[in-house]
Amino acid sequence: MKPEANPGPGQSVPASLLALLSRHSDKLLAVVPFAYLVWVVAGYGVAVPYWDQWDLVPLLDKMYRGDLTFADLWAQHNEHRPLVPQVIMLGLARLTGWNIRYELGVNVALAFGVFAVLACQIRATGRTLAVAGLRWAIPVSSLIVFSISQYQNWLWGWQIQMLLNMLAVVGGIVVLAQPAFTWPRFAASALLGILATYSFANGVLFWPIGLGILLVVTHGRKERKAGIAAWVLVSLLTLASYFWHYQKPAAHPSLSLVLKMPLAYVSYVIKYIGSICAQYSSWNSAGDGDLAFVFGLLGVAALGWAGWMVVRRKLARPEALLPYFAMSAYSIGSALMTGLGRVGFGSDQALASRYCTTVVPLWVSLIVLLVLLASRGSEQWRNAGPADYRAIVAGLLLVGATGVLAMGSLCATEGAGNMSRVQEYGRTSLLDLAAHPGAEIDYTALTALGPNTNGLVQWYPVLVKNHLAVFHKGS
């Protein structure tokens, strides 16, 4: 075999560099959304307690006085029992003087953990199915996981609860849904389920989803019975402890409204799913709501079609796609569950930026299915003749979904800027309040930090006394 001619001095390095960039272009593209998110958080993050964060101040007061108890941490907050997130926030506050920028950093780190788990799963799926093209789902997944559409969660330290929940859920599903059932995986998944439940209320959905996964991955009568019995036991114990002395938040709408407003409920659920693509804060909320409804409807329809086509055409065994089906079920279940308790606020309440995080698994799963359908379908049908319309449709849907997700993220930057300005205004008002203790209180200005201005006035002296948050030198 004749050896290839060596390239000239001016050609070898560029050629090698281009080859290197080509091999790792998917990884380089995946860095872009993460870098943009870090830039947004660094530029727009404001170190001031915001809305629900003021409910942490009584716990901080007890912690500094040495009176903090487990019951204080386990207590209900709205529908949630954010036991683990509160422990994290209290620990950070103690270490940093409650410099809330560290909480924002934890949020970004948790999101990176979610992305890492999803990227590993996508690569494993690509190896299992021998579909090299699946690697291109990773940069699109990065765009979804790090989308600025979730700006409330990026700029609000309290939202550690939602991102911790998402990491626990995604990790638990991926661990449990592996083809070979093992008890160590069972134990790890159950622990992650407990973490998810005691981070955010939607974590209760993890238990029925996990039961469905076990029905698929367990083999043999004894193994299946033992696995299901153990899972049901852990589920019941966790849920029983969660709902012990549980009370419905008095200020929230009645759950029976879903029976009186079925169309509004359906609209809420669909908008909830599509809102990650429709955070256009420069438009009126009605326009955003219409777009969210359209994108949500198209997203669910595309997910159902792609999943059905992949299974029907036998492009992959259903077991290989089990993590994606389970994660999609979690997102849809979250939309149904949230709508049940929030539809009384109107269907456009589903557009709240913080909810976008819970639908991340669904949109990532959709991208994976579309890439699989387009790439493997093209290969399979290319040998038999002209490309099948299914591969073409999947490719078009893939481009369209990526486009609207990218546009939603970019446009949401304006929403992040608006939130940052409100927080900065509230921070200035809080500093003025502390600087002029005898002056008349401007309650209107303090509403920038939350609706409970009386509680804010009551508790801000705790921050002054202990040099916390905006009254800490490092903040």
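This is a predicted model: local features need pLDDT of at least 70, side-chain atom pairs count only at pLDDT 80 or more; totals for chains, interfaces and linings use all residues.
Close-up 1. A disulfide is a covalent bond between the sulfur atoms of two cysteines. Cys 277 takes part in no disulfide. Its nearest cysteine sulfur belongs to Cys 356 and is 8.5 Å away. The cut-off for a disulfide is 2.5 Å between the sulfur atoms. Is Cys 277 buried or exposed? Cys 277 is buried, and its relative accessible area is 0%.

**Close-up 2. Cys 411, another cysteine in no disulfide.** For Cys 411, the nearest cysteine sulfur is that of Cys 277. The distance is 11 Å. Cys 411 has 27% relative accessibility and counts as partly exposed. Cys 277, by contrast, is buried.

**Close-up 3. Helix α2 against helix α6.** Two packed helices are described by the angle between their axes and the distance between the axes. Helix α2 covers residues 25-44, and helix α6 covers residues 100-129. Their axes come within 11 Å. The crossing angle is roughly 165°. Angles over 145 degrees count as roughly antiparallel, so α2 is roughly antiparallel to α6. The crossing of these two helices is right-handed.

**Close-up 4. Side by side: the residues where α2 meets α6.** Which residues of α2 meet α6? They are Asp 26, Lys 27, Ala 30, Phe 34, Leu 37, Val 38, Val 41 and Ala 42. From α6 come Arg 101, Leu 104, Val 108, Phe 112, Phe 115 and Arg 123. How many of the residues in this contact are nonpolar, polar and charged? The contact has 10 nonpolar residues, no polar ones and 4 charged ones.

**Close-up 5. Trp 51, a residue other than glycine with positive phi.** Phi of Trp 51 is near 45°. Where is Trp 51 found? Trp 51 sits in the loop between α2 and α3, the latter spanning 57-65. The relative accessible area of Trp 51 is 40%. That makes Trp 51 partly exposed.

**Close-up 6. Asn 78, with positive phi in a loop.** Asn 78 has a phi near 55°. The value is positive, and the residue is one other than glycine. The loop holding Asn 78 runs between α4 (70-74) and α5 (83-96). Is Asn 78 buried or partly exposed? Asn 78 counts as partly exposed, at 31% relative accessibility.

Technical notes:
Residues are numbered from 1 along each chain as its sequence is written. Side-chain values use heavy atoms; hydrogens and water are left out. Axes are lines fitted to C-alpha atoms, for helices over the stretch in contact, and angles run from 0 to 180 degrees between N-to-C directions. Helices (H or I, at least four residues) and strands (E, at least two) are DSSP runs, numbered from the N terminus. Angles under 35 degrees count as roughly parallel, over 145 as roughly antiparallel, 65 to 115 as roughly perpendicular and the rest as oblique. A crossing is left-handed if the near helix is turned anticlockwise from the far one by less than a right angle, and right-handed if clockwise. Contact means heavy atoms within 4.5 Å. Ala, Val, Leu, Ile, Met, Phe, Trp, Tyr, Cys and Pro count as nonpolar, Asp, Glu, Lys and Arg as charged, and the others, Gly among them, as polar. Buried means under 20% relative accessible area, exposed over 50%, partly exposed in between (1.4 Å probe, protein chains only).
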